[in-house]
Amino acid sequence: MNQIRPIALCVFRNKDRILVFEGYDAVKGETFYRSLGGGIEFGEKAEDTVRRELMEELNVEVGEVRYLGTLENIFTFNGNSYHELVMIHDGALVDSRLYAQAVIVGKEANGDVIRATWKSLDEFGEGKSILYPTGLLELLVGKQEKLDL
């Protein structure tokens, strides 16, 4: 399928940590992490996509959502090529107890288990764990530096 897919992802922060799910590319033999969210449906606002996807996949309610930026993501996964426009948001989880929960388990629409976990931003980067989409770490670090000023 040679189409560009619009998706919306949300970064949930807990001090220096972000909530991500762990994925694995069997062809590359690569473990990676990605923020949570999914495909934007026709007529749906990106922030509504974030709320819907988190409710569908992890059964969690999302509060405030703020747009951070858009990344273009061209990649291969399990040997297939993909092209996404990724709208990145910063958000808050309504249930504050989730910030203390090490792992949040849910399911994809296809039945695959999702394990969301909190990982420090320091765990990502050159020679460390992989955070997708490419450019997300730089976007987050740049935004954090601006917030600290």
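**Exercise 1. The largest pocket**

How do the residues of the lining of the largest pocket divide into nonpolar, polar and charged? Describe this pocket and the elements around it.

*Solution.* The structure is a predicted model.

Step 1. Begin with the space itself. Rolling a probe the size of a water molecule over the atoms shows where empty space is left. In this model, the largest pocket holds about 820 Å³ of space.

Step 2. Identify the residues around this space. The lining consists of 29 residues, and those closest to the centre of the pocket are Phe-21, Phe-32, Arg-34, Phe-77 and Glu-108.

Step 3. Sort the lining by residue class. It contains ten nonpolar, seven polar and twelve charged residues.

Step 4. Assign the lining to secondary structure. At least two residues each come from several elements, including helix H1 (46–58), strand E5 (62–77) and strand E6 (80–93). Strand E2 (17–25) is also one of these elements, and E2 makes the greatest contribution, with five residues.

**Exercise 2. The second largest pocket**

Determine the volume of the second largest pocket and state which elements line it.

*Solution.* 

Step 1. The volume of the second largest pocket is about 190 Å³.

Step 2. Its lining has 13 residues, and Gly-125, Ile-130, Leu-131, Leu-137 and Glu-138 lie nearest the centre.

Step 3. By class, six residues of this lining are nonpolar, four are polar and three are charged.

Step 4. Strand E9 (130–132) and helix H2 (136–148) each provide at least two lining residues. Of the elements, H2 gives the most, namely three residues.

**Exercise 3. The chain as a whole**

Which pattern does the protein chain follow along the sequence, and why does its radius of gyration agree with that of a compact globule?

*Solution.* 

Step 1. Count the elements: the protein chain has two helices and nine strands. In sequence order they give the pattern β-β-β-β-α-β-β-β-β-β-α.

Step 2. For 149 residues, a compact globule would have a radius near 15 Å, and the protein chain has 15 Å, so the two agree.

Step 3. Consider the extent of the C-alpha trace. Along the principal axes it spans about 40 × 35 × 25 Å.

Step 4. Consider burial and surface. Of the 149 residues, 42% count as buried. The accessible surface of the protein chain is about 8,700 Å², and carbon and sulfur atoms account for 51% of this area.

Step 5. Residues 24 or more positions apart make up 61% of them.

**Exercise 4. Backbone exceptions**

Where are Lys-15 and Asn-59 placed, and are these residues buried or exposed? Which form, cis or trans, does the peptide bond from Tyr-132 to Pro-133 take?

*Solution.* 

Step 1. Recall the general rule. Most residues other than glycine have a negative phi, and most peptide bonds are trans.

Step 2. Examine Lys-15. Its phi is near 60°, a positive value in a residue other than glycine. Lys-15 belongs to the loop between strand E1 (4–14) and E2. Exposed means over 50% relative accessible area; Lys-15 has 80% and is therefore exposed.

Step 3. Examine Asn-59. Its phi is likewise positive, near 60°, and its place is the loop between H1 and E5. Asn-59 counts as exposed because its relative accessibility is 60%.

Step 4. Examine the peptide bond from Tyr-132 to Pro-133. This bond is cis, with omega near 0°. Pro-133 lies in the loop between E9 and H2.

Note on methods:
Residues are numbered from 1 along each chain as its sequence is written. This is a predicted model: local features need pLDDT of at least 70, side-chain atom pairs count only at pLDDT 80 or more; totals for chains, interfaces and linings use all residues. Side-chain values use heavy atoms; hydrogens and water are left out. On a 1 Å grid over the protein atoms alone, a cavity is a set of points where a 1.4 Å probe fits but cannot get out, and a pocket is an open set with protein on both sides within 12 Å along at least five of seven lines; lining residues have an atom within 4 Å of a point. Grid points are joined across faces, edges and corners, and a volume is the space filled by probe spheres set on the points. Helices (H or I, at least four residues) and strands (E, at least two) are DSSP runs, numbered from the N terminus. Ala, Val, Leu, Ile, Met, Phe, Trp, Tyr, Cys and Pro count as nonpolar, Asp, Glu, Lys and Arg as charged, and the others, Gly among them, as polar. The radius of gyration is taken over C-alpha atoms; the globule rule is 2.2 Å times the number of residues to the power 0.38. Buried means under 20% relative accessible area, exposed over 50%, partly exposed in between (1.4 Å probe, protein chains only). Contact means heavy atoms within 4.5 Å. Accessible areas come from the Shrake-Rupley method with a 1.4 Å probe; for residues, only the protein chains shown count as cover.
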